[in-house]
Amino acid sequence: MTAPKENQTTRRRAPGMSPEQRRAMIIQTAIPLIAEYGAAVTTAKIARAAGIGEGTIFRVFADKDELLQACMAEALSPEHAVRELDAIDVSQPLPDRLAEAAEALQAHMSRMGAIAGSLGHRGGKHPGTVRGVGRDESTTRIRAALAELLEPDKAALRRPPEQIAALFFGLLFTQPRTEDEPDLTPQELVEVFLHGALSGGAK
């Protein structure tokens, strides 16, 4: 049976990848599948989605457990979130910058939650991160990227950008979840953060 054209293309390119590039490609392919299927996802399914042979996975991972641990580590890494924050146009008004930042960080948290929820029950030691970034350093890097977004408005802020960034980061990670109230949109969250809980007409 002839493989789909897309898979044939990927198969031709895969041999040209370095082991590290192939490893990264497999991890990125596997993460959404793990979020959907959990630890029950098969390496055959991951290989089909990546357009490679299943044996290719085991040339860069010792076994399925190592692949799952690497995927959890990647999901916990701040790299993607920091890149998205760095890409936000600082010439935009502050509310727009913070709304984009909120969207990026909420997506980051959703990805972490999906992977941790799917694999967390497996037990064993914490996988750390792919690039050796621990939790404290991860938080520090994300806060630093947020502070850079606030820097153009430094003169208008009541506190230093670093402190405002820490407050905003904390708000994003501690939003209450209730069944009868919808989540705040990024724009609504930023509005409350910048202007407080009182409506415009309140005294």
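Modeller: In this predicted model, the side chains of Glu-74 and Gln-28 form a polar contact at 3.3 Å. Glu-74 belongs to helix α5, which covers residues 64-76. Its relative accessible area is 7%, and because the limit for a buried residue is under 20%, Glu-74 is classed as buried. Arg-22 is placed in helix α2, residues 19-37. With a relative accessibility of 11%, Arg-22 also falls in the buried class. Between Arg-22 and Arg-59 the C-alpha to C-alpha distance is 9.5 Å, although 37 residues separate them in sequence.

Two elements each give two or more residues to its lining: α9 (161-173) and α10 (186-195). The largest share, three residues, is supplied by α10. Among the residues that line the second largest pocket are Phe-193, Leu-194 and His-195, together with Ile-164 and Leu-167. The lining also includes Leu-94, Asp-153, Ala-156, Leu-157, Arg-158 and Arg-159. Sorted by class, the lining of this pocket holds seven nonpolar residues, three charged residues and one polar residue.

Technical notes
Residues are numbered from 1 along each chain as its sequence is written. This is a predicted model: local features need pLDDT of at least 70, side-chain atom pairs count only at pLDDT 80 or more; totals for chains, interfaces and linings use all residues. Side-chain values use heavy atoms; hydrogens and water are left out. Helices (H or I, at least four residues) and strands (E, at least two) are DSSP runs, numbered from the N terminus. Buried means under 20% relative accessible area, exposed over 50%, partly exposed in between (1.4 Å probe, protein chains only). A polar contact is a pair of N or O atoms within 3.5 Å; within protein, one must be able to donate a hydrogen and the other to accept it, and residues adjacent in sequence count only if both atoms are side-chain atoms. On a 1 Å grid over the protein atoms alone, a cavity is a set of points where a 1.4 Å probe fits but cannot get out, and a pocket is an open set with protein on both sides within 12 Å along at least five of seven lines; lining residues have an atom within 4 Å of a point. Ala, Val, Leu, Ile, Met, Phe, Trp, Tyr, Cys and Pro count as nonpolar, Asp, Glu, Lys and Arg as charged, and the others, Gly among them, as polar.
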